Amino acid sequence: MQIKKINNKIVYESAVKLCVRLFYLSSLNFSNGVQGENQKLSPTIDEENFEIFRNSAKIWWNVNGKYRALHAMNRLRVPFIRDGLIRKYGHGNSSADALKGLKLLDVGCGGGILTEALASFSADVTGIDPSEELIAIAREHVKENCLLSQRITYKIETIEEHSARNQGKYDAVILSEVIEHVNEQEAFLKLCIDAVKPGGSIFLSTFNRTPLSYFWGIFLAEDVYKVILKNTHEWSKFISPQETQRIFETNDCKVEQLKGLLYLYSPWNRWVWTNSTAVTYIQH
Ligand SMILES: C[S@@+](CC[C@H](N)C(=O)[O-])C[C@H]1O[C@@H](n2cnc3c(N)ncnc32)[C@H](O)[C@@H]1O
């Protein structure tokens with residue numbers, strides 16, 4: 001009896017120790033790679049991929065660096081978004097005021113390359129990114145421009161958090177070159193849709209999942225021309241316009257526009273519109 005009792009006690013104590021240890025380990029795992037109390041993790045974050053962006057915050061605004069393709073992409077994506085919004089809302093009468101009064105959400109804004117460009121048309125833009133480092137760079141960069149600073153709000157937030165507090169708030173939600181970097185893409189897109197007001201717009205740009213997109217978007221970009229950081233893209237995360245359209249339609253959204261675009265490597269370093277969406281596309 002006594003032995004059994006002692007055994008029970010040992011078993012009980014061991015179980016408690018094990019639970020404490022498991023709890024400790026799981027909390028370590030949860031905060032793995034996290035710096036600063038504001039750093040966010042969520043089910044949609046692919047931690048390994050996210051690390052690449054966080055660790056390269058300092059080179060974000062180097063127009064000839066590893067984010068040169070994102071900088072160059074503004075030449076096409078900014079007018080595409082601006083003109084789509086002008087058609088829908090008919091706001092503004094001058095180019096500088098074209099988006100005046102509109103509330104936009106830039107999801108996964110990084111260092112703010114697209115956020116700043118959209119705010120330059122007088123929109124009120126909220127940029128969210130789970131990375132403390134990237135939002136710090138974005139805030140630092142916009143400080144140089146007083147007008148833009150007044151129109152932009154940057155937040156270290158996940159889409160889960162932001163969408164929960166801002167249901168149906170925005171005239172448009174933009175997710176450009178983000179969905180191919182997240183986990184649980186359908187849930188992610190649904191959360192983005194939740195933040196749009198009824199009748200509002202969503203703009204999405206990303207890579208299609210085709211053999212050509214592997215060749216063009218990974219092999220050429222990462223291994224041959226080395227214009228982006230190695231392992232930035234994972235082909236299995238690329239998503240076809242038919243898949244995104246299905247998710248949109250499941251959530252009562254209609255795709256009005258779909259256009260293909262292609263990045264031309266050195267010496268051009270520029271994006272061009274194409275009839276094919278086999279590599280990269282943008283949807284509204
Ligand atoms: C290729 S960058 C695109 C930045 C910006 N949208 C642009 O086009 O200039 C991808 C961004 O997605 C962000 N990101 C990764 N996972 C995310 C998630 N689950 N939710 C929101 N943003 C995420 C990264 O931190 C990074 O800033």
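## The sheet

(Helices, H or I of at least four residues, and strands, E of at least two, are DSSP runs numbered from the N terminus; two strands pair if DSSP finds at least two bridges between them.) Strand E1 (residues 103-107) pairs with E2 (residues 124-129) in the parallel sense, over five bridges. This is a predicted model, where local features need pLDDT of at least 70, side-chain atom pairs count only at pLDDT 80 or more, and totals for chains, interfaces and linings use all residues. Numbering runs from 1 along each chain as its sequence is written.

Zoom out and you get an open sheet of eight strands with mixed pairing, in the order E3-E2-E1-E4-E5-E8-E6-E7. Its edge strands, E3 (152-156) and E7 (270-274), each pair on one side only. From one strand to the next the twist averages 20°. Helix H3 (residues 68-89) packs on this sheet and touches E4 (170-176), E5 (196-207), E6 (258-264), E7 and E8 (280-283). The direction of H3 makes about 45° with that of E7. (Axes are lines fitted to C-alpha atoms, for helices over the stretch in contact, and angles run from 0 to 180 degrees between N-to-C directions. Two residues are in contact if their C-beta atoms, placed from the backbone, lie within 7 Å.)

## The cores

A residue is buried if 20 or more other C-beta atoms lie within 10 Å of its own, exposed if 12 or fewer, and partly exposed in between, with C-beta atoms placed from the backbone. A nonpolar core is a set of buried Ala, Val, Leu, Ile, Met, Phe, Trp, Tyr and Cys residues joined through C-beta atoms within 7 Å. The largest one here has 56 residues, and those touching the most other members are Leu104, Val107, Leu118, Ala172, Val173, Ile174 and Cys192. A second, separate core has seven residues, including Ala69, Met73, Val227 and Ile228.

Back to Ile174: leaving out residues up to four places away in sequence, Ile174 touches Ile81, Leu104, Leu105, Asp106, Val107, Leu114 and Phe203.

## Around the ligand

The ligand is surrounded by 22 residues, and the closest are Thr44, Phe53, Gly108, Gly110 and Ile113. (A residue is near a molecule or strand if its C-beta atom, placed from the backbone, lies within 6 Å of it.) Helices H2 (47-54) and H4 (113-119) each supply at least two residues of this shell.

By type, the shell splits into 13 nonpolar, seven polar and two charged residues. (Ala, Val, Leu, Ile, Met, Phe, Trp, Tyr, Cys and Pro count as nonpolar, Asp, Glu, Lys and Arg as charged, and the others, Gly among them, as polar.)

## Loops worth a look

Thr277 is found in the loop between E7 and E8, and counts as buried because 21 other C-beta atoms lie within 10 Å. Apart from neighbours within four places in sequence, Thr277 is in contact with Asn208, Pro241, Leu258 and Gly260. Thr277 and Thr210 are 67 residues apart in sequence and 9.7 Å apart in space, C-alpha to C-alpha.

Most residues other than glycine have a negative phi, and most peptide bonds are trans. Glu177, not a glycine, has a positive phi of about 55°; Glu177 is in the loop between E4 and helix H8 (185-194) and is buried, with 23 C-beta neighbours inside 10 Å. Asp252, not a glycine either, has a positive phi of about 60°. Asp252 is in the loop between helix H10 (241-250) and E6, and is exposed, with 8 other C-beta atoms within 10 Å. The peptide bond from Ser266 to Pro267 is cis, with omega near 10°, and Pro267 is in the loop between E6 and E7.
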